[in-house]
Amino acid sequence: MTSHNRNLVLKGGWDKVVNEMAMELDVFVGNTTIMDEEVYQLWLDGYTVNDAVKVRMEGGVLEECEASADVLLSDTMDQYRTFQMCERLLHSPAKLANQLLFQIPPHRQAVLIERYYTFDDAFVREVLGKKLSKGTKKDLDDISAKTAVTLKSCRRQFDNFKRVFKVVEELKGPLVENIRQHFLLSDKLARDYAAIVFFANNRFETGKRKLQYITFQDFAFCAGQLINNWTVGAVDNMVEDMDVDLDKEFLQELKELKVLITDKDLLDQHKSLVCTALRGKTKAFNEMEANFKNLSRGLVNIAAKLTNTKDVRDFFIDLVEKFIEPCRSDRWTAADMRLYLTHYTNSAHILDTFKHQVVWDRYMGVVKSCIFKMYHD
């Protein structure tokens, strides 16, 4: 029997005594605040008290504790009240450690915070890349119906995204570290929030039908690649918005890569080097050779257009339309994709007159990683 369930039993036994003492006693002074993690999860998931009681009864808590339904209802209401009182502290997690109202051990505080900021992948996938504004908040009813996440839970998750965005917007230094320190989240959750902030800031298109197969975790991985390689913070780690805004100077330099497709000799030479390296290594060789120029134009044109905000927003849809879909229709495997892109990137280093190796590597390093992640067989 858990310590919390023992308390339920005691509570059942004490009911009579408490009723008799009610006239004389207004306040109970306790020590450690008792919080049942199962009830906390029900509260986070947006269940009403009555629905939470039903779930607990179905889980067999009454038999386990030998308690009555009234005691269970009373206990659930007490817990919900405690969570509601804690909620404003959870908005600024550092305050939780310094307050005196609730005696919560540090390890339990960490669980409360992490759970409070955890979100449903189905929910975040619907709002990813959208502006974290009242306009999006109005759509939460529809998102709740579509994802089967309760409206209350949708609101909590959305408000958490917005809160983290507003706090880190004002800070210098690395995005993930700022989130971790201010919200006391695990490294994994802080990285996920960094992805959400990054997508909201750059307003990447993620909602189009042909992108629906891409999961939040796929996008979060890609966000990490972009943050670590294409933002201002990739070259200077103490500027404002360093991990949120793309490096404009780098985006301008990407236009230089157009020479790979506008110079016919370079294009032919690049194709020859790649095909020589691939011949005999894959069943998709004929398709790779036939489509080389189209695929190369697709990737280089994406790079050259990234100075426009609209084209930055369409980055993922362009990767899918210009590269992933053509390869998929030619039945490339994930291994084919990896082989092709590795030789495609490396062969540019051997081209006689191509002088933009550093920019090329910075661009293709990220594009390769994102395509590998997005290319589901």
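Trainee: Buried means under 20% relative accessible area. With that in hand, how much of this protein counts as buried?

Mentor: Of its 377 residues, 45% count as buried. Keep in mind that this is a predicted model.

Trainee: How many helices and strands does the protein have?

Mentor: There are 22 helices and zero strands.

Trainee: And what share of the contacts with a separation of 6 or more comes from residues 24 or more positions apart?

Mentor: Such residues account for 70% of those contacts.

Trainee: Which residues of H7 are buried?

Mentor: Gln109, Leu112, Ile113, Tyr116 and Tyr117 are buried.

Trainee: Why do the buried residues of H7 line one face of the helix?

Mentor: Looking down the axis of H7, the buried residues fall within an arc of 115°, so they share one face. In general, an α-helix has 3.6 residues a turn, so residues three or four places apart point the same way.

Trainee: What covers the buried residues of H7?

Mentor: The cover includes helices H2 (37-44), H5 (69-90), H6 (94-98), H11 (151-169), H12 (175-183) and H13 (187-202).

Trainee: New topic, aromatic rings. How many aromatic pairs are there?

Mentor: The count comes to 30 aromatic pairs. One of them is Trp43 with Phe83, a tilted pair at 5.5 Å centre to centre and 40° between the planes. Trp43 is in helix H2 and Phe83 in helix H5, 40 residues apart, and the pair links distant parts of the chain.

Trainee: Is Trp43 buried or exposed? And Phe83, buried or exposed?

Mentor: Trp43 has a relative accessible area of 4%, which is under 20%, so Trp43 is buried. Phe83 is buried as well, with a relative accessible area of 1%.

Trainee: Why is the pair of Trp230 and Phe315 edge-to-face?

Mentor: Their ring planes are at 65°, so the pair is edge-to-face, with centres 5.5 Å apart. The cut-off for that is over 60 degrees. Trp230 is in helix H14 (residues 216-230) and Phe315 in helix H20 (residues 315-329), 85 residues apart. Trp230 and Phe315 are both buried.

Trainee: Which residues do ring pairs link into a cluster?

Mentor: The cluster includes Trp43 and Phe83, along with Tyr116 and Tyr117. Tyr116 and Tyr117 are also among the buried residues of H7.

Trainee: Now the arginines. Where does the charged end of Arg328 sit?

Mentor: Over the ring of Tyr213, 4.8 Å from its centre. Arg328 also lies over the face of Tyr375, at 5.7 Å from that ring centre.

Trainee: And Arg180, where is that found?

Mentor: Arg180 is in helix H12 and counts as partly exposed, at 30% relative accessibility. Leaving aside neighbours within four places in sequence, Arg180 is in contact with Leu185, Ser186, Asp187 and Ala190.

Trainee: How far apart are Arg313 and Asn202?

Mentor: They are 111 residues apart in sequence, yet 6.7 Å apart in space, C-alpha to C-alpha. Arg313 belongs to helix H19 (residues 309-313) and is partly exposed, with a relative accessible area of 33%.

Conventions. Residues are numbered from 1 along each chain as its sequence is written. This is a predicted model: local features need pLDDT of at least 70, side-chain atom pairs count only at pLDDT 80 or more; totals for chains, interfaces and linings use all residues. Side-chain values use heavy atoms; hydrogens and water are left out. Buried means under 20% relative accessible area, exposed over 50%, partly exposed in between (1.4 Å probe, protein chains only). Helices (H or I, at least four residues) and strands (E, at least two) are DSSP runs, numbered from the N terminus. The arc is that of the directions from the helix axis to the C-beta atoms. Contact means heavy atoms within 4.5 Å. Rings of Phe, Tyr and Trp (its six-membered ring) pair if their centres lie within 6.5 Å; planes under 30 degrees apart count as stacked, over 60 as edge-to-face and the rest as tilted. A charge sits over a ring if NZ of Lys or CZ of Arg is within 6 Å of the ring centre and within 35 degrees of the ring normal.
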